[in-house]
Amino acid sequence: MPRPRILVTRRWPDAVERRLCALFDTTLNADDHRLSADELRAALRAHDAVLPTVSDRLDAGVLAVEAPRARILANYGVGYSHIDVDAARERGLVVTNTPGVLTDCTADLALTLMLMVARRAGEGERELRAGRWTGWRPTHLVGTRLSGKTLGIIGMGRIGIAVARRAQHGFGMQVVFFNRSPVAAEALAGLQATQLEHIEDVLAQADFVSLHCPGGGANRHLIDAARLAAMKPHAFLINTARGDVVDEAALAAALQHGRLAGAGLDVFEAEPQVHPGLLALENVVLLPHLGSATRETREAMGMRVVDNLVAFFDGRRPPDQVS
Ligand code: DGY
């Protein structure tokens, strides 16, 4: 029986690539280039499984490829808004993701951004490296403390809850949140967090707003000009979810006009491009999509993909099938 043919769209951690090669007839992407739409189509035609990630756009146009051989898209990452899951289903393609294994690291990064922007760490480092630091003084780069402030979370799934725990237990923050469905009390065990009915209620109360909902679909520009205006003028916006959840042009305008204290962003609408208005601002911390970027987590994500593929090719339902 020939081994399933699989294609990995980007370089993955060595340990995972070795495991994939041991189990499957594996095509790797040695130079780690971003695959074009035509290369993705060719991959779907020639392989039983394609293993994409957030940098691959698998829209209806790509998935409409003639005579695909692929039967599964085993995504490396928890977010999969770069895949048109309806089009994939129509083409008979199963889609899987990698939930759970990146919760802690992504939550850590949300806290990193909160601290960096509130304590003006990026500004300070830029000043020091540029040789502009003239020494300690009481009024120098004075920021905002987290302790005692209110954190508003939009999307109270695994990552939102992990952020809330860090903020409350580590920094004594109050937590309010919006989630489309009620969040079970067991999931919130040990936390004092209040679910509010509308996003606007959260925006009106929070000193920090952290986004943890999926991207795409109805969540595109969930945080638009009107919702930015509903935030407190001294509040900070943190996004480690997906870039398209925020209207970047509206955010840049709100920051430029002092209608918001600052923002910490790990994700962008058109990665790797960043809105020029944001690049020009001091009170924005910009990171290159590092939420899950630890050795432990990136390996765990890859091994989770392996589990999904093994189950699929054994004729079982993959543990992380989303469509
Ligand atoms: C995720 O897992 O969704 C990360 O953002 C990388 O895609």
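Author: Rings of Phe, Tyr and Trp (its six-membered ring) pair if their centres lie within 6.5 Å; planes under 30 degrees apart count as stacked, over 60 as edge-to-face and the rest as tilted. By this rule there are 4 aromatic pairs. This is a predicted model, where local features need pLDDT of at least 70 and side-chain atom pairs count only at pLDDT 80 or more, while totals for chains, interfaces and linings use all residues. Residues are numbered from 1 along each chain as its sequence is written, and side-chain values use heavy atoms, with hydrogens and water left out.

Reader: What makes Trp12 and Tyr76 a tilted pair?

Author: Their centres sit 4.5 Å apart and the planes make 35 degrees.

Reader: Which parts of the chain does the pair link?

Author: Trp12 is in the loop between strand E1 (5-8) and helix H1 (14-23), and Tyr76 in the loop between strand E4 (72-74) and helix H4 (85-90), 64 residues apart. Helices (H or I, at least four residues) and strands (E, at least two) are DSSP runs, numbered from the N terminus.

Reader: Why does Trp12 count as buried?

Author: Buried means under 20% relative accessible area, exposed over 50%, partly exposed in between (1.4 Å probe, protein chains only). Trp12 has 5%, so it's buried.
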